[in-house]
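The sequence and structure come first.

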Amino acid sequence: MSIVVTGATGQLGRLVVDALLATPATTERIVAVVRDKEKAADLAERGVELRIADYDRPETLADAFEAGDRVLLISGSEVGRRVAQHAAVIDAAKAAGVARLAYTGVLGGDDADFELAAEHKETERLILASGLPYTFLRNGWYSENYTANLAPVLAHGAVVSNAGEGRIASASRADYAAAAAAVLTGPAGEHLNEVYELSGDTAWSFAEYAAEVAARSGREVTYTPVSAEAHLEILTGAGLPRPFAEILVDVDRAAEHGALALRTGDLTRLIGRPTTPVGVSIQEALDASS
């Protein structure tokens with residue numbers, strides 16, 4: 001039996017592999033399913049087995065899994081194509097007879113009221129229909145979704161959003177990776193057919209986020225709330241493709257309505273410690289850019 005991580009060279013996938021390698025109780029083989037062997041060379045050097053497969057080429061997935069594997073399906077990044085991609089993985093996992101399929105979905109599941117959640121909802125339905133033992137890891141927002149964008153924030157001295165006074169219970173990508181590793185390495189029956197709503201311990205507002213950036217950078221940064229229409233114009237004017245800009249505006253709308261503020265404590269329980277405060281993620285981003 002192996003622990004298999006798909007999308008293992010992505011930002012989340014690499015952190016999951018790191019967490020697995022750092023888990024003392026892990027005795028199973030750790031397998032990375034990747035499209036590009038060269039990009040995964042460093043993982044192979046650390047003793048990770050590589051299996052080459054592509055979500056867009058179902059025939060390559062036939063050898064990606066073996067009977068008894070515990071598999072983590074990390075959702076694809078290509079919005080609009082993910083249902084077909086995920087379906088190919090689910091079909092291959094079922095044909096192989098894997099012991100469990102864990103999936104990184106989105107906070108709120110069927111109740112998530114933003115467009116980005118649609119493909120996650122459909123993927124969960126496909127997994128349930130497959131009859132495979134499952135674990136749904138419904139990830140909330142990554143703090144890095146915001147801290148990766150600090151350069152323009154500091155340049156303009158403003159955090160711009162159409163979220164109003166909405167709050168976001170974000171956590172670091174490493175927190176979510178640690179939760180996935182805990183599920184994959186737990187006792188055989190633990191976490192089986194369970195749904196976890198994963199989010200940070202504290203929900204912050206954009207005004208609080210701006211104040212935290214200001215305090216840690218020593219620069220003047222304020223929160224500028226705008227309408228959805230104005231935000232879309234700002235994003236497209238900055239060069240973002242309109243479909244991507246529309247997704248960001250829709251996510252902010254969901255935040256305004258409280259969809260990203262859900263705090264269940266599931267993430268803290270799985271990782272056995274408090275989640276990483278957004279201020280720490282801000283500081284890490286500032287340090288990395290200095």
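The buried residues of helix H12 are Val278, Gly279, Ser281, Ile282, Ala285 and Leu286, where buried means under 20% relative accessible area, exposed over 50% and partly exposed in between (1.4 Å probe, protein chains only). They lie on the same side of H12, because they cover an arc of only 160 degrees around the axis; the arc is that of the directions from the helix axis to the C-beta atoms.

This is a predicted model, in which local features need pLDDT of at least 70, side-chain atom pairs count only at pLDDT 80 or more, and totals for chains, interfaces and linings use all residues. Residues are numbered from 1 along each chain as its sequence is written, and side-chain values use heavy atoms, with hydrogens and water left out.

Helices (H or I, at least four residues) and strands (E, at least two) are DSSP runs, numbered from the N terminus. The expected span in the table is 1.5 Å times one less than the number of residues in the helix.

| Helix | Residues | Length | Span, first to last C-alpha | Expected span |
|---|---|---|---|---|
| H12 | 278-289 | 12 residues | 17 Å | 16 Å |
| H10 | 242-256 | 15 residues | 21 Å | 21 Å |

The buried residues of H12 pack against helices H5, H6 and H8 and strand E10. In H10, the buried residues include Val249, Asp250 and Asp252, and the buried set packs against strands E7 and E8 and helices H8 and H9.

Gly157 sits in the loop between H6 and E7 and is buried, with a relative accessible area of 15%. Gly157 and Thr222 are 65 residues apart in sequence but 6.3 Å apart in space, C-alpha to C-alpha.

How values were computed. Contact means heavy atoms within 4.5 Å.
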